[in-house]
Amino acid sequence: MFDKVLIANRGEIALRIHRACREMGIQTVAVHSTADETAMHVRLADESVCIGPPPSRDSYLNVPAILSAAMITGADAIHPGVGFLAENANFAALVEEHGFTFIGPEPEHMRRMGDKIEAKALAVELGLPVVPGSGGAIEDDGEALKIAREIGFPVLVKAAAGGGGKGMTVAETAEDLPETLAMCRREAKANFGHDAIYLEKLLTHPRHIEVQVLGDGRGEVVHFGERDCSLQRRHQKILEEAPSPALDPATRLSIGETVTEAMKKLDYRSAGTIEFLYEDGAFYFIEMNTRLQVEHPVTEMICGVDLVREQLRIATGAPLGYGQDEIASSGHAIECRINAENPESFRPAPGRVSEYHAPGGLGVRVDSALYSGYTVPPHYDSLVSKLIVHGTTRNECLMRLRRALEEYVIGGIETTIPLHQRLISEPRFLNGDYDIHWLEAWIEGADGPAETEDTG
Ligand code: ADP
């Protein structure tokens, strides 16, 4: 096992990785920007190194500074966490070239899955069902129109290098298409540096369902079932649950097996997630995340697995050591992403936390780096806490979540706790009856109870 791991991240995810290391007797090195000197991940780590000024590009994305920190502290391995450099294949390769272990997949797998067009082609090769579309980059408008007519309007124009829900535009009709293509190309070039775009059929009422896998890079792969991440705003996940209220056991088994077979063909190493849209009983691959995900705790809660510990173990070259039949899930888990934002306008609301009380009790887990007196800096992602609740049934989980949300006190800053409290009284959510578009419409009042009455 490693003696010392450098965690190239911040916030709750850095803490999450630190906790797994601690339990395994591994020393941790935190890296931080000057804005994060008093952050919890720095306080808890065995050692810490300041790697630059507040902007991420000068600190958490500063590869030479991170590699130097690993050298100075004598770390054996680097865990990239989530976001920042976690899906950067060049970073992973550099880590290995400098003699450290990268806790994650093969850089080549990261690279192939990182390009959306290549990832889709690879998915087809591996036997995964994909969304009907252009199958490759669109070269000219005539070709695009031909494909769009074949798959049927509306279509979604996507940037090959897009990510984080950005770089996607809908063309409703053939008349809209040339304009949409031109706009998407311009935006892709400006935001991602490449103007490659492709076409996909727009699914009108899908759910976002993703499958968690773990491979050892020696041919063994298992899956830990699915997560339903359909509750999104602007393509950003807000609340996730496992198992999905929309799948029956046979469908669950079948998609799990399909994904496992695909990842075996790839000889995938470490934790990964295969994301699908699920509509009218069919799955459509959208992308693979070659890293740990923010919502991994819901899987951990129902499967009783520590995914970070497994990543660390596999990174040492250890075999998986168990098979699919040894993985069982029990009960239901829900994660609420709590952001430092105004719960109505979603404007970021950094600032000083004047009071802090986290909920507890049976089945309640809080992954957060907040503490009383901490100042949330304005420079980074607004996710400040994840409240994860487990229950033996979905109903018990919902009751427990309502109770836990009531207990949670984060004073001094605005958070999205009130949004979650509102959501937990909403029949459509309680019934598990939602698709990827529902939450946004509900937030905007189109489907909200008060507004419906007002306009009636
Ligand atoms: P990103 O890398 O930006 O997260 P994804 O391809 O994973 O992009 O898509 C993000 C979200 O966009 C999905 O969760 C879904 O809500 C929506 N989306 C993507 N592709 C389609 C599609 N073909 N039809 C409808 N919605 C889609």
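## A strand on the inside

Why is strand S14 (residues 332-339) largely enclosed by the rest of the structure? Eight of its eight residues are buried, so the rest of the structure largely encloses this strand. Here "buried" stands for under 20% relative accessible area, with exposed over 50% and partly exposed in between (1.4 Å probe, protein chains only). Strands are DSSP runs of E with at least two residues, helices are runs of H or I with at least four, and both are numbered from the N terminus.

Look at both faces of S14: His332, Ile334, Cys336 and Ile338 are buried on one side, and Ala333, Glu335, Arg337 and Asn339 are buried on the other.

## What you're looking at

This is a predicted model, where local features need pLDDT of at least 70 and side-chain atom pairs count only at pLDDT 80 or more, while totals for chains, interfaces and linings use all residues. Residues are numbered from 1 along each chain as its sequence is written, and side-chain values use heavy atoms, leaving out hydrogens and water.

## Partners of S14

Strands of a sheet pair through backbone hydrogen bonds, either parallel or antiparallel. Two strands count as paired if DSSP finds at least two bridges between them. S14 pairs with strand S11 (residues 236-242) in the antiparallel sense over four bridges, and eight bridges join S14 to strand S19 (residues 383-391), also antiparallel.

Glutamate 335 is a handy spot to check: it stands opposite glutamate 240 and opposite isoleucine 388 in S19.

## A three-strand sheet

Next up is an open sheet of three strands in the order S7-S6-S8, with antiparallel pairing. Strand S7 (166-171) and strand S8 (197-201) are at the edges with a single partner strand each, so one side of each has no neighbour in the sheet. Strand S6 (residues 155-163) pairs with S8 over five bridges, and valine 155 has lysine 201 in S8 as its bridge partner.

Helix H7 (residues 141-151) packs on this sheet and touches S6 and S8, where contact means heavy atoms within 4.5 Å. Helix H8 (residues 177-192) packs on the sheet as well, touching S6, S7 and S8.

## Around the ligand

The ligand is surrounded by 21 residues, the closest being Lys116, Gly165, Lys201, Gln232 and Glu287; a residue is near if one of its heavy atoms lies within 4 Å. S6 gives the most to this shell, with three residues.

A polar side-chain atom of glutamate 200 lies 3.0 Å from a nitrogen atom of the ligand. Histidine 235 has a side-chain N or O atom 3.1 Å from a ligand oxygen atom.

Conventions:
Axes are lines fitted to C-alpha atoms, for helices over the stretch in contact, and angles run from 0 to 180 degrees between N-to-C directions. A polar contact is a pair of N or O atoms within 3.5 Å; within protein, one must be able to donate a hydrogen and the other to accept it, and residues adjacent in sequence count only if both atoms are side-chain atoms.
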